[in-house]
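Please keep the structure open beside you as you read.

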Amino acid sequence: LGALAYDGQHCKEAGVCWEPQPGYPEKLAGSKYDVKGLEEPHEVAKQANSERAMEERNAKRTAYFHKSGKWVYDVDQIPE
Amino acid sequence: MHNSLVKRRVLTSVSLAAALTALQFCAPLASANDKLIELSKSNENWVMPGRDYNADNYSPDTQISTANVKDLRVAWSFSTGVLNGHEGAPIVVNGKMYINTPFPNAVFALDLDNPGKILWQYHPKQNPAARSVACCDLVNRGLAYWPGDDKTPALILSNQLDGNVVALNAETGDLYWKVENSDIHVGSTLTIAPYVIKDEVLVGSSGAELGVRGYVTAYDVHDGTQKWRAYETGPDDEMKLGADFNSHNPQYGRFGLGTSKTWQENTWKIGGGTNWGWYAYDPGTNLVYYGSGNPSPWNATMRPGDNKWTMTIFGRDVDTGEAKFGYQKTPHDEWDYAGVDVMILSDEKDDNGNIHKLLFHPDRNGFIYSLDRTNGDLFTVGKIDATMNEFKDVNFKNGQPIRDPEYATYMDHEAHDVCPSAMGYHDQAHDSYDPTKQLFYVNANHICMDWEPFMLPYRAGQFFVGATLHMYPGPKGDRQNALGLGQVKAYDAVHKSFKWQVQERFAAWGGSLSTAGNLVFYGTLDGYIKARNADTGELLWKFKLPSGVIGYPMTYEHKGVQYVAIYYGVGGWPAVGMVFDLQDPTAGLGAVGAFKNLQHWTQQGGGVMVFSLNGQSPYTQDVNLDEYSTVKQGGD
């Protein structure tokens with residue numbers, strides 16, 4: 001690695017200062033360093049889907065707590 | 001206050017603005033966290049991690065001092081019945097001690113008048129699969145306390161490894177509410193301590209070693225309602241960047257940087273940035289301060305870009321969650337310098353007599369940052385140790401660290417002698433600060449590494465690391481014998497200088513307590529609690545505990561006696577070799593080799609040891625206390 005190596009001081013705009021190491025690709029796509037798994041949208045969406053589902057279950061728990069004064073964690077046990 | 005405000009609303013906009021200013025000034029004082037601020041002023045309490053919102057682990061108690069610390073003895077002890085690493089510290093409030101444990105995250109309440117009898121205990125049932133997605137032992141950093149109001153009882157808040165947050169009645173231990181914050185099926189766990197501000201509890205996240213995109217969430221402490229959630233990567237609205245975000249320091253970067261400008265494709269969705277460290281809060285700014293963690297995966301070649309806003313010091317408004325400033329310490333991390341370390345607030349006088357409202361933050365990357373906590377300005381940036389080599393300095397003009405390409409990491413290359421290692425020159429230690437001396441007591445690591453990345457796919461719920469590490473003592477340690485892995489230092493942030501420093505056998509992993517008795521206390525991985533002269537660093541006292549320490553000492557006064565308490569129970573990242581019986585030096589994400597000699601000084605344990613002068617305790621004051629019956633002379 002020579003003097004041109006990435007030292008973090010050449011910024012395209014404020015806060016955007018990354019450069020590839022000499023000889024390394026600028027873009028991941030199509031390079032040999034592409035991330036496997038990213039091409040499967042359901043795999044990458046799993047975290048966000050899980051978070052929305054947890055938020056929905058928590059909202060049901062809190063709503064029933066407001067209604068009844070009792071905390072029921074198991075959402076299947078929450079009365080209609 | 002509120003009535004007069006309503007009347008003023010019909011007046012001119014000028015007086016309305018004045019009233020709003022007055023409201024902003026008064027609002028923190030009018031809220032329920034007032035009680036927490038009041039409680040934290042008493043030497044009889046230790047109500048939150050860091051002791052108070054400055055998070056300085058400083059006690060004004062002078063009963064135990066340099067003059068008498070040699071007389072410190074065990075007063076009483078308590079075994080939690082759990083092995084694995086015991087992080088954090090107990091909470092003491094209203095004459096009770098609350099104790100947290102590693103997985104399965106039991107909670108115990110003890111009566112300080114008779115600590116032998118357990119007042120209540122909470123043993124959650126958790127899916128044992130949570131263990132398999134914890135990167136670095138089954139630790140937990142502590143509990144939080146909320147003082148209660150006219151509709152809701154006082155609560156103990158606890159985060160569980162399986163991702164649940166529970167609120168327990170502080171008097172009875174009964175479950176009050178319980179919500180899901182993190183999902184182990186996607187690799188997301190909880191080890192961080194909850195943090196109570198006003199009537200909300202903040203909860204962080206863990207799992208950047210499994211590609212978890214980090215977030216921080218605020219819940220209403222009354223009922224578990226989610227108030228806001230802010231992510232550390234992605235679109236600006238999901239990261240909750242305020243309209244004035246970084247307006248004072250536009251060179252740090254402002255908007256639109258959490259996606260394609262600093263990440264490629266959708267890598268930000270699995271980009272890490274989890275926050276599992278510590279918080280601090282300033283009622284004056286209404287900002288909570290914390291750091292986001294490392295980007296995923298460790299293989300940096302797989303995520304070109306600056307990877308914002310991982311590795312960032314955030315100041316967020318506690319009511320809205322909106323970020324006022326964000327300073328990225330380690331753009332495009334190549335070393336796993338997860339930026340979650342402790343935040344300590346200090347008001348410090350410079351040589352011209354000017355007072356600076358600062359935020360102190362020793363980072364994994366080896367720098368010690370001191371920022372203006374009102375606007376994010378860099379004040380000073382020092383080095384935990386001069387042997388750090390991956391960055392040369394910080395350029396104050398653009399805020400960027402100046403990288404030394406010799407110590408970069410990338411594919412098809414093995415980097416050697418990189419300092420610090422992935423374990424950082426500082427990790428989860430909760431350090432202390434003595435405001436009367438303007439000195440920080442830093443528990444540091446002295447570990448360097450070799451690092452070689454490898455390619456791997458992302459599969460939700462599986463580890464997503466992609467690097468092989470060898471770790472060993474830094475240049476000032478003993479590389480032949482794998483000893484000399486830690487340091488303890490007294491640091492002056494205004495002058496970036498050390499008043500004293502000492503090498504430790506192992507990493508000083510847990511953090512410190514400083515007191516007005518001119519003492520600094522800390523525990524060590526090899527199983528000691530030590531007290532040093534806060535001015536000179538001279539070792540004045542130590543005691544051999546049942547096991548190594550990865551939490552921080554705390555102190556409280558009860559019935560006129562000052563006690564010092566500390567968890568024992570070695571574990572966490574440095575002890576994964578011992579905890580999980582690993583031999584390969586690259587196992588445990590490289591920690592096994594570095595700490596191969598830890599087993600010669602300690603084994604696992606789990607509990608609390610409490611010290612006082614001459615070992616005074618409720619039982620020395622009355623030996624018949626807690627007896628089932630006492631001796632009767634004669635009779636049948």
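1. Let us start where the chains meet. B:Arg459 and A:Glu40 form a salt bridge, with their closest N and O atoms 3.3 Å apart; the term stands for a side-chain nitrogen of Lys or Arg within 4 Å of a carboxyl oxygen of Asp or Glu. B:Arg459 sits in the loop between strand S28 (447–453) and strand S29 (467–473) of chain B, and A:Glu40 in the segment before helix H1 (41–68) of chain A, so this pair joins two chains. B:Arg459 is partly exposed at a relative accessible area of 29%, and A:Glu40 is partly exposed too, at 22%. On this scale, buried means under 20% relative accessible area, exposed over 50%, and partly exposed in between (1.4 Å probe, protein chains only). Helices (H or I, at least four residues) and strands (E, at least two) are DSSP runs, numbered from the N terminus.

2. A word on the source: this is a predicted model, in which local features need pLDDT of at least 70 and side-chain atom pairs count only at pLDDT 80 or more, while totals for chains, interfaces and linings use all residues. Residues are numbered from 1 along each chain as its sequence is written, chains are lettered from A and ligands numbered from 1 in the order in which they are written, and side-chain values use heavy atoms, with hydrogens and water left out.

3. Over all chains, the count of salt bridges comes to 35. One of them brings together the side chains of B:Arg141 and B:Glu87, at 2.8 Å from N to O. This pair links distant parts of the chain, 54 residues apart: B:Arg141 is in the loop between strand S6 (118–122) and strand S7 (144–146) of chain B, and B:Glu87 in the loop between strand S2 (72–79) and strand S3 (91–93) of chain B. Both B:Arg141 and B:Glu87 are buried.

4. Another salt bridge to look at is that of B:Arg403 with B:Glu334 (3.4 Å, N to O). Here 69 residues separate the partners, with B:Arg403 in strand S24 (residues 401–403) of chain B and B:Glu334 in the loop between strand S18 (323–328) and strand S19 (344–349) of chain B. B:Arg403 and B:Glu334 are both buried. Elsewhere, a network of salt bridges links A:Glu51, A:Arg52, A:Glu55 and B:Arg229.

5. How many cavities of 30 Å³ or more does a search of the whole structure find? There are four. On a 1 Å grid over the protein atoms alone, a cavity is a set of points where a 1.4 Å probe fits but cannot get out, and a pocket is an open set with protein on both sides within 12 Å along at least five of seven lines; lining residues have an atom within 4 Å of a point. Grid points are joined across faces, edges and corners, and a volume is the space filled by probe spheres set on the points.

6. The largest cavity has a volume of about 300 Å³. Its lining has 27 residues, and the closest to its centre are B:Cys135, B:Cys136, B:Arg141, B:Glu209 and B:Trp276. The second largest cavity, of about 140 Å³, is lined by 16 residues, with A:Trp18, A:Gln21, B:Ala300, B:Thr301 and B:His332 closest to its centre.

7. Finally, please look at strand S36 (residues 554–558) of chain B. Five of its five residues are buried, so the strand is largely enclosed by the rest of the structure. On one side are B:Met554, B:Tyr556 and B:His558, on the other B:Thr555 and B:Glu557. S36(B) pairs with strand S37 (residues 561–568) of chain B in the antiparallel sense over five bridges, where pairing requires that DSSP finds at least two bridges between two strands. B:Met554 stands opposite B:Ala565 in S37(B). The hairpin of S36(B) and S37(B) has two residues between the strands, and B:Lys559 takes a positive phi near 50 degrees there.
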